[in-house]
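Please look over the structure shown below before reading the report on its fold, one of its hairpins and one of its loop residues.

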Amino acid sequence: MADLAALLTERGYSQVDFTRSDPARTARTLTTWRGDRAIEQGDMVVLLDGGLMHGYGSDTSRTVHVGEPTAEEQRVHDVVREAREAGCVRSGPGSPAKRSTGRACAVITEFGYGERFIHRTGHGMRVTTHEPPYRIEGEEHPLVPGTCFSVEPGIYLPGRFGVRVEDIVTVTESGGRRLNTTARELAVIE
């Protein structure tokens, strides 16, 4: 992951807070990162990085697949993308932070994976990578224009695979605007 940290610095990060990859076939919990395991054909790999650029926090997650994914792997990725979309569109000014959290969780639960969404929906960011308001159920902090936060739902099937797709959103006067421009589709690496 040192290569990724060097690339991020080369591309403008003034500080790299973390880079992680998890060959998600081994994912048991969110904290079980297996960055030292060789990535193999058939692995779903969750990639995360975060740090500071131009004095502001940034954070992103994407999931890639080595070789063609199974129908179930593609379906789970599609569910996570739909949950992320629901969390992004529920991000207008004046609404509490929990609104987007509830909708993202509801999408995952509707598809039968509610017990496999094991972390918060997101967090605030300004001059650090992770800060309040946290995107958790019960968070009443109102969203105001200029607030920036992550929307990062995930599904983790222990011992099999996991998926996370994350965007950074800023609240505008008329809603939420995504700041990430990278593709959200499941990338297949041969």
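## Basis of the model

This is a predicted model, in which local features need pLDDT of at least 70 and side-chain atom pairs count only at pLDDT 80 or more, while totals for chains, interfaces and linings use all residues. Residues are numbered from 1 along each chain as its sequence is written, and side-chain values use heavy atoms, with hydrogens and water left out.

## The chain as a whole

The chain has three helices and 11 strands, where helices (H or I, at least four residues) and strands (E, at least two) are DSSP runs numbered from the N terminus. Of its 190 residues, 48% are buried, that is, under 20% relative accessible area with a 1.4 Å probe, counting protein chains only.

Among contacts (heavy atoms within 4.5 Å) with a separation of 6 or more, 63% are between residues 24 or more positions apart.

Strands β7 (residues 154-157) and β8 (residues 161-164) pair in the antiparallel sense over four bridges, pairing being assigned if DSSP finds at least two bridges between two strands. Ile155 has Val163 in β8 as its bridge partner, and Gly159, in the hairpin with three residues between the strands, takes a positive phi near 75°.

From β7, Gly154 and Tyr156 point one way and Ile155 and Leu157 the other way, yet all are buried.

## Thr147 in its loop

Thr147 is found in the loop between β5 (131-135) and β6 (148-151), and is buried, with a relative accessible area of 11%. Its side chain reaches the backbone oxygen of Val144 at 2.8 Å. Leaving aside neighbours within four places in sequence, Thr147 is in contact with Val169, Thr170 and Val171.

Definitions and conventions. Buried < 20%, exposed > 50% of the residue type's maximum accessible area, 1.4 Å probe, protein only. Polar contact = N/O pair within 3.5 Å; in protein donor to acceptor, adjacent residues only side chain to side chain.
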